[in-house]
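The following exercises concern one protein chain.

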Amino acid sequence: MQNERSPLFTKTQEESEETPSPLLTKARRAALSGLIAGFLVGITCMFVPHVTFWGEAQLQSLIDKGRSPLPIFGSGDDPTADLTAWSVCVVDPNDATAMANGFSIQCSALIMVAKVFVTGLSLGTGIIGGHFWG
């Protein structure tokens with residue numbers, strides 16, 4: 001009767017104590033989650049550069065529907081102009097119609113969702129930057 005186990009428990013304490021896998025140590029999990037989060041943040045920022053940095057400067061672009069340029073990124077032959085080459089919701093300053101219309105409400109919604117996504121990833125995985133210096 002003393003060796004009899006309860007049907008709810010299948011292992012004794014000695015049997016359940018296993019050595020942790022060297023692939024799943026706390027440091028490696030943190031590094032892997034930071035790597036994945038950094039990759040996702042980078043990809044998101046390639047397409048929606050409005051979510052980069054702390055946001056005060058990018059807020060003006062949202063207020064005037066993209067008519068003011070993003071302050072961090074240049075245009076023309078500036079080396080930082082290539083960083084916005086694949087971006088959406090950026091109004092071409094040389095197009096008079098685009099400047100008159102600005103970007104759509106869908107772009108505003110996309111920027112909002114992307115900013116929440118990037119901020120959540122950054123805070124959740126410990127990536128620091130902007131207002132979140134550790």
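**Exercise 1. Contacts and burial**

Determine what share of the contacts between residues at least 6 apart in sequence joins residues at least 24 apart, and what share of the residues is buried.

Solution. The model is predicted. Among contacts between residues at least 6 apart in sequence, 56% link residues at least 24 apart. Turning to burial, the chain has 134 residues, and 22% of them are buried. The accessible surface is about 9900 Å², and carbon and sulfur atoms account for 65% of this surface.

**Exercise 2. Elements and confidence**

State how many helices and strands the chain contains, and identify the elements with the lowest and the highest mean pLDDT.

Solution. The chain holds 5 helices and 0 strands, in the order α-α-α-α-α from the N terminus. Over the chain, the mean pLDDT is 79, with 78% of residues at 70 or more. Helix 1 (residues 13-16) has the lowest mean among the elements, 52, whereas helix 5 has the highest, 90.

**Exercise 3. The nonpolar patch**

Solution. The patch covers about 1000 Å², and its residues include Leu32, Phe39, Phe47, Trp86 and Phe117. Helix 2 (26-47) and helix 5 (105-125) are the elements that give two or more residues to the patch. Phe47 lies in helix 2.

Methods: Residues numbered from 1 in each chain as written. Predicted model: local features only at pLDDT ≥ 70, side-chain atom pairs only at ≥ 80, totals over all residues. Heavy atoms only, no water. Patch = residues over 30% accessible without salt bridge, like charges linked within 9 Å, V, L, I, M, F, W, Y side chains within 5 Å. Areas by Shrake-Rupley, 256 points an atom, 1.4 Å probe, with all protein chains shown as cover. Salt bridge = Lys/Arg side-chain N within 4 Å of Asp/Glu carboxyl O. Helix = DSSP H or I, 4+ residues; strand = E, 2+ residues; numbered from the N terminus. pLDDT = per-residue confidence, 0-100. Buried < 20%, exposed > 50% of the residue type's maximum accessible area, 1.4 Å probe, protein only. Contact = heavy atoms within 4.5 Å.
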